[in-house]
Amino acid sequence: MDRSFLFTLFLLFSVVASTISADDDDLLIEQVVSSDGDDDLLPHAEHHFSSFKARFGKSYGSAEEHDYRFGVFKANLRRAKIHQKLDPSAEHGVTKFSDLTPAEFRRNFLGLKRLRLPADAQKAPILPTNDLPTDFDWRDHGAVTGVKDQGACGSCWAFSTTGALEGAHFLETGELVSLSEQQLVDCDHECDPEEYGACDSGCNGGLMTSAFEYTLKAGGLEREKDYPYTGTDRGTCKFDQDKIVASVANFSVVSIDEEQIAANLVKNGPLAIGINAVFMQTYIGKVSCPYICGRQLDHGVLLVGYGSAGYAPIRFKEKPFWIIKNSWGENWGENGYYKICRGRNVCGVDSMVSTVAALHTTSD
Ligand SMILES: *[C@@H]1O[C@H](CO)[C@@H](O)[C@H](O)[C@H]1NC(C)=O
């Protein structure tokens, strides 16, 4: 057995004994993570479930449904406990998704359609990386709108797309305008030319580069308030060309090199990225850096910044991280945001990154 494996085992075990702290300890799994067996889990589960229902306004149609959801909730407490061991620098516990099975969660709250970028996508030019700031956050520069909520619809790709174009439009015009995801959900059926049947399809998923392509062809996107989000894809397309407020000049794919990702972020604004969201169902806060995380991408989000020193694995100095805007409302994660470590493409965070440039338009 090699040393690093033993060390990992040591980390896994030492973390079981550690406790986590937060203001909201009702909803945390403190008792859960600080005990070794499952024996301790069940007496507290009922209490956690009550707080969960109260906090997120959950009610169930029948006693059967209630009991079923309580069972799912308990399974998710166990999962959160496992996630806490595998990802000790973050905080895992009860979230608004704690009454959903992993399959329900994937089906309703993710929605990245394809696992790879289109082969013919234009590649972003290589940028200089020597003068990059050590810490950077587009929220400090006014390029990021408030956190939105995709609801129970696999439209993450639309939110990632609008987020990137909102930033690019801000950089080009100095105006921050919230853009319409519903236009993408209703009207964008763009297909990947490389892959048969891989088309943007509302709540059933899509891809950000295809959505940029649609936006380029359609002429642009309307404002959020002119074409508001409904969270369903059963409506017809109501796009009105006269209401276009932001347009795409071009878009390209960024190399998986982390310095290039940072350079593109700083130069071009927030970036549309794909990520594996498995740890996000139980995420409460701090920097996520799981020992093991698949790189299969299933969720589209927005990279808005990075920090140089956000978390310290046991006995190591502080490590750098990415700052990610999600689309699950402000009552998820750190006010709607997720932090994940930089450095080794954890959860595939570096593998599908695209950047968009906006046309200079003037609004009235
Ligand atoms: C994309 O558009 C921007 C803004 O018009 C322009 O400055 C840039 O050179 C274009 N990039 C590419 C790769 O065509």
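This report describes the fold, strand pairing, cores and ligand shell of a predicted model.

## Basis and overall make-up

Because the model is predicted, local features are given only where pLDDT is at least 70 and side-chain atom pairs only at pLDDT 80 or more, while totals for chains, interfaces and linings use all residues. Residues are numbered from 1 along each chain as its sequence is written.

The protein chain has nine helices and eleven strands. Helices (H or I, at least four residues) and strands (E, at least two) are DSSP runs, numbered from the N terminus. Of the 364 residues in the protein chain, 46% are buried. A residue is buried if 20 or more other C-beta atoms lie within 10 Å of its own, exposed if 12 or fewer, and partly exposed in between, with C-beta atoms placed from the backbone. Among contacts in the protein chain with a separation of 6 or more, 73% are between residues 24 or more positions apart; a contact means that the two C-beta atoms, placed from the backbone, lie within 7 Å.

Strand β10 covers residues 337-341, and five of the five are buried, so the strand is largely enclosed by the rest of the structure. In a regular strand the side chains alternate between the two faces of the sheet. On one side of β10 the buried residues are Y337, K339 and C341, and on the other Y338 and I340, which leaves both faces covered.

Strand pairing requires that DSSP finds at least two bridges between the two strands. Strand β7 (residues 283-288) runs parallel to β10 and is joined to it by two bridges; V287 has K339 of β10 as its bridge partner. Strand β9 (residues 319-325) pairs with β10 in the antiparallel sense over five bridges, and K325 stands opposite Y337.

An antiparallel pairing of two bridges joins β6 to strand β11 (residues 353-358), and the bridge partner of I273 in β11 is V353.

Five of the six residues of β11 are buried, so β11 too is largely enclosed by the rest of the structure. β11 is joined to β5 by six bridges, with the two strands antiparallel. Within this pairing, F251 has V356 of β11 as its bridge partner.

## Nonpolar cores

The largest nonpolar core has 78 residues, of which L165, L271, I273, I324 and I340 touch the most other members. Helix α6 (residues 156-173) supplies the largest share of this core, eight residues. Apart from this core lies another, of six residues, including F49, F52, F73 and L77. A nonpolar core is a set of buried Ala, Val, Leu, Ile, Met, Phe, Trp, Tyr and Cys residues joined through C-beta atoms within 7 Å.

Leaving aside neighbours within four places in sequence, L165 is in contact with L179, T215, L221, A246, V248, V356 and A358.

## Ligand shell

The residues around the ligand are A249, N250, S252 and A357; the criterion is a C-beta atom, placed from the backbone, within 6 Å of the molecule. Strand β5 (residues 248-254) gives the most to this shell, with three residues.

By class, the shell has two nonpolar, two polar and no charged residues. Here Ala, Val, Leu, Ile, Met, Phe, Trp, Tyr, Cys and Pro count as nonpolar, Asp, Glu, Lys and Arg as charged, and the others, Gly among them, as polar.

E190 lies in the loop between α7 (181-187) and α8 (208-218), and counts as buried because it has 23 C-beta neighbours inside 10 Å. Residues up to four places away in sequence aside, E190 touches C199, D200, S210, A211, E213 and Y214.

T209 is in helix α8 and is buried, with 25 other C-beta atoms within 10 Å. Its C-alpha atom is separated by 8.2 Å from that of V253, 44 residues apart along the chain. In helix α9 (residues 258-268) the buried residues are I261, A262, A263, N264, L265 and N268. G269 follows α9 and has a positive phi, near 100°.
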